[in-house]
Amino acid sequence: MLIKTNASGFDHPTPSEITARGAYQRRRDLIKLMATGVAGAGLASWAGRQALAQTVQKPGKLAALAAGKSAVPGAVTMEKITEYKDATSYNNFYEFGTDKADPVKNAHTLLTKPWSVAIEGLVKQARSYTLEELLKLSPQEERIYRLRCVEGWSMVIPWVGYSLSELIKKVEPLGSARYVEFVTLADPKTMPFVGSRVLDWPYVEALRMDEAMHPLAMLTFGMYGEVLPNQNGAPVRMVLPWKYGFKSGKSIVKIRFTDKEPKTAWNKAAANEYGFYSNVNPEVDHPRWSQASERRIGEDGLFAKKRKTLMFNGYEAQVGQLYAGMDLKKNF
């Protein structure tokens, strides 16, 4: 570093050097704070501000869906957001084909208006909600979640929606309701692969009641500041960031409350491979895919390294208590 000498013979830094020294000092102070273990709430607050500062660019492809920032703990990751083109062209949605590129090619046939979601089972307020009613039921929030597929790839997506618990509270489940089941549309006229042998249709997923009530469990209507593309589960889907992606049912037409654990689509297809819980767990491999690491979509360069998979996909602090005392290798 060059130092200029003033008229009195004392060294003094240039303005750019002052800026550089200030940045260096701030980094050193932060490292010192972390090393002493007292960063605590201050560091968390700093991280939160940085995460909220992420700007989600609307792609201008579909209708905008306005949303405020979320105050739910863990709702906004600081990680780089996956490109919209990747998140909307690399999908699993077997109603439109089994190849990753099939949904974006075939899902244009899906009719999302009019749309309604029936609430059934062990609730006081069984009824059907139109999409418009669901959109107005609670303020829309933008949440930037990690998405982890059981196949070993991952994304970071900004979703728009609100906690499923807001709807659950409205319909007033009975005390006997222990599970919540989500049923996807199964219309062979608009979903060309419905009826194929790959799964038992309609596609069904489910949660334990306490999982469904967790604030991170998100009833979702949009992504990247716009309504959901058909291939991503329009017009309404679930997003469960601590579970593998297949647990987040798409294009939902029915939500049913029950006292018995529902049989879910992939669990029925291969119970030894797909458990009911399907929490992201780097210590429990799928028979075909290791779960210890993952490939982040968009980081596909020749020298791109795989990322280490985090327990509960990095949401252990928020959801770990839901599974206290459980054997997560047995209850996978």
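Modeller: Lys243 has a relative accessible area of 1%, under the 20% cut-off, so Lys243 counts as buried. This comes from a predicted model. The partner of Lys243 in a salt bridge is Glu211, with 2.7 Å between the closest N and O atoms. The two sit in distant parts of the chain, 32 residues apart: Lys243 belongs to the loop between β12 and β13, and Glu211 to helix α7 (residues 209-213). Glu211 is buried too, at 1% relative accessibility. Glu211 is also among the residues touched by Trp242, along with His214, Leu216 and Phe312. Trp242 in turn is one of the residues with the most contacts inside the largest nonpolar core, which has 83 residues.

A second pair involves the loop between β12 and β13. Lys247 forms a salt bridge with Glu205, and the closest N and O atoms are 2.7 Å apart. Here Lys247 lies in that loop and Glu205 in strand β9 (residues 204-208), 42 residues away. Lys247 is buried, with a relative accessible area of 2%, and Glu205 is buried at 1%. Glu205 is touched by Thr264 as well, as are Val204, Ala206 and Phe276. Thr264 is in the loop between β13 (252-258) and α8 (265-269) and is buried at 1% relative accessibility.

Arg296 is buried at 5% relative accessible area, and Glu294 is buried at 4%. The structure holds 22 salt bridges.

Key
Residues are numbered from 1 along each chain as its sequence is written. This is a predicted model: local features need pLDDT of at least 70, side-chain atom pairs count only at pLDDT 80 or more; totals for chains, interfaces and linings use all residues. Side-chain values use heavy atoms; hydrogens and water are left out. A nonpolar core is a set of buried Ala, Val, Leu, Ile, Met, Phe, Trp, Tyr and Cys residues joined through side-chain atoms within 4.5 Å. Buried means under 20% relative accessible area, exposed over 50%, partly exposed in between (1.4 Å probe, protein chains only). Contact means heavy atoms within 4.5 Å. Helices (H or I, at least four residues) and strands (E, at least two) are DSSP runs, numbered from the N terminus. A salt bridge is a side-chain nitrogen of Lys or Arg within 4 Å of a carboxyl oxygen of Asp or Glu. Lists of a residue's contacts leave out its neighbours within four places in sequence.
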